[in-house]
Amino acid sequence: MTNKRILGSMKTKLVIIGITGDLSTRKLLPALEQIIATGDFDDLSIIGVSRREFDIDTLLASSVGNTELARRISPFSMDLSQEVDYRRLKDFIDLGDDEQLLVYLSVPPVVTPHIVEFLGQAGLNGPNVKLLLEKPFGVDLESARRMIDHVAKYYSEAQIYRIDHYLAKEMTQNIIAFRAGNALFDHVWNASAIEKIEVVALEKIGIENRAQFYEQTGALRDVLQGHLIQLLALILMEIPRDFDWDDMATLRLKALNQLQSADPGRAVRAQYSGYQDEVGNPGSLTETFASIELTSVNPTWRGVPLVLATGKNMDRKTTEVRVYFRKNHEAQTNRLIFKIQPFEGVEIELYTKKPGYDREFERQRLSFEYPEEIKLPDAYEQVMVDAIRSKKSLFATGHEVLRAWEVLQPVQQSWDMDSADLTTYSPGADLYTLL
Ligand code: BG6
């Protein structure tokens, strides 16, 4: 039996560092509630780390309120800047030889390097330990490289699970299933048939209460660098006949390696009006909307514009991949849409004859949507389950992270140096008014 199989079936102790934080209460705890409810994870126990002491029932009341989950959580308070506290944590965890430990860092990215170092120094990095890291992975190519090298001093790549929750969304995985399983589209998945691809993630919400984080991040780094580039890779990557999900990261990386560097002249950067008051920084240059247009050197995709766009405070919440087929004439429709959220499905636009005596066409939608009563697993459920089972296909490798930064670097550097092209949009804007 491989080491991988053994870890996947071991008793699991999950340490969440930052259990009282926003990500944990909004995403992780509800996800844990769901996976525990399946009955397949009876060996899972949770150690909730926070700076201050907390009451589990109060913590869960704001998110899930599940007594079984409450029973599984043991609280542990510590000072994350004190080395000695990590040794206390290690004693508290008391990892047995037949157990695996997952350490989930649900903390602001600035503190990640120190925590990793302390964990390593305390010996919380043995072969049965996995480290789950949240994005952003660095703020540019150099810092990402430093961060990756730093973490590599304490954990091997096999132990590191870099979370990009977009990769774990149900419909994102369906892009691969759809492409692999349907010959009709397989035949036309190339530049001769496809005219353009758009990957968009628009949100109606603004930055909510994350002013400090967002001021340092912006739309390019927050969503485009990871989430959208990864979605694009799934559209462009080769799906071999003997496709194995374990090869996903390698295939995604190959697609990323074929992208040309982003051209600042084909990028759009904008900020919604009112943002500066919201963050209390009148001169803020942080973009809340970002879009770039990429191209691939792979002959399969040569010349096809690959447009990525994301924004806050837009007219709708929607994450979609839109594939435009080449038309033979203007009176044709040509769109295939992967609807990632909020309504998960696939849609094809078709022209059909409008019923009646006149010979007119009308646009129809051939669509498949999961019925509302089917509860699709949340991305964070999938992340936890795959990390427990040592399945790494939906996690970003260090190479992918670096490559994504490399592709974006010209735009990111030009935006860091020069603010002249920052435009303003009204909250509720439509995507196509900004492109
Ligand atoms: C996060 C970003 O990674 O993704 C947030 O930091 C964004 O700014 C969120 O709102 C969107 O995720 P989802 O799953 O709601 O589309």
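Reader: How many strands are in the sheet that has S3 and S15 in it, and in what order?
Author: Seven strands form that open sheet, ordered S3-S2-S1-S4-S5-S6-S15, with mixed pairing. Two strands pair if DSSP finds at least two bridges between them. Helices (H or I, at least four residues) and strands (E, at least two) are DSSP runs, numbered from the N terminus. This is a predicted model, in which local features need pLDDT of at least 70 and side-chain atom pairs count only at pLDDT 80 or more, while totals for chains, interfaces and linings use all residues. Residues are numbered from 1 along each chain as its sequence is written, and side-chain values use heavy atoms, with hydrogens and water left out.

Reader: Which strands stand at the edges?
Author: Strand S3 (73-77) and strand S15 (395-396) do; each has a single partner strand, so one side of each is left without a neighbour in the sheet.

Reader: How many bridges join S6 to S15?
Author: Two bridges join S15 to strand S6 (residues 160-163), and the two strands run antiparallel. Arg162 stands opposite Ala396 of S15.

Reader: Which strands does helix H6 touch?
Author: Helix H6 (residues 112-121) packs on the sheet and touches strand S1 (11-17), strand S4 (99-105) and strand S5 (129-134). Contact means heavy atoms within 4.5 Å. The direction of H6 makes about 155 degrees with that of S4. Axes are lines fitted to C-alpha atoms, for helices over the stretch in contact, and angles run from 0 to 180 degrees between N-to-C directions.

Reader: OK, the other sheet. What is the order of its nine strands?
Author: The order is S14-S13-S12-S11-S7-S10-S9-S8-S16, in an open sheet with mixed pairing. Its edge strands are strand S14 (361-369) and strand S16 (423-425), each pairing on one side only. From one strand to the next the twist averages 20 degrees.

Reader: In what sense do S11 and S12 pair?
Author: Antiparallel: strand S11 (residues 318-325) and strand S12 (residues 335-341) are paired over six bridges. Arg322 has Ile337 in S12 as its bridge partner.

Reader: Which strands does H8 lie across?
Author: Helix H8 (residues 170-181) lies across S11, S12 and strand S13 (345-353), running at about 145 degrees to S12. Helix H14 (residues 398-417) lies across strand S8 (268-272) and strand S9 (289-294), at about 135 degrees to S9.

Reader: And H8 against H10, at what angle do the axes cross?
Author: Roughly 10 degrees, and the axes of H8 and helix H10 (residues 211-236) come within 9 Å. That makes H8 roughly parallel to H10. Angles under 35 degrees count as roughly parallel, over 145 as roughly antiparallel, 65 to 115 as roughly perpendicular and the rest as oblique.

Reader: Which residues make that contact between H8 and H10?
Author: From H8, Thr172, Ile175, Ile176 and Arg179; from H10, Leu231, Leu234, Ile235 and Leu236. By class, the H8 contact with H10 has six nonpolar, one polar and one charged. Ala, Val, Leu, Ile, Met, Phe, Trp, Tyr, Cys and Pro count as nonpolar, Asp, Glu, Lys and Arg as charged, and the others, Gly among them, as polar.

Reader: What about H10 and H11, how do their axes cross?
Author: At roughly 95 degrees, with the axes of H10 and helix H11 (residues 248-257) coming within 8 Å. H10 and H11 are therefore roughly perpendicular to each other. Ile229, Gln230, Ala233, Leu234 and Leu236 of H10 meet Met248, Arg252, Ala255 and Leu256 of H11. That contact of H10 with H11 has seven nonpolar, one polar and one charged residues.

Reader: How far is the polar side-chain atom of Gln341 from a ligand oxygen atom?
Author: 2.5 Å. For Lys169 a polar side-chain atom lies 2.6 Å from an oxygen atom of the ligand. An N or O atom in the side chain of Lys135 is 3.1 Å from a ligand oxygen atom.

Reader: Which residue does a cis peptide bond join to Gln341?
Author: Pro342, with omega about 5 degrees. Pro342 is in the loop between S12 and S13. Lys135 and Pro136 are also joined by a cis peptide bond, with omega about 0 degrees. Pro136 lies in the loop between S5 and helix H7 (141-152).

Reader: Where is Glu208?
Author: In the loop between strand S7 (194-202) and H10. Glu208 is not a glycine, yet has a positive phi of about 50 degrees.

Conventions:
A polar contact is a pair of N or O atoms within 3.5 Å; within protein, one must be able to donate a hydrogen and the other to accept it, and residues adjacent in sequence count only if both atoms are side-chain atoms.
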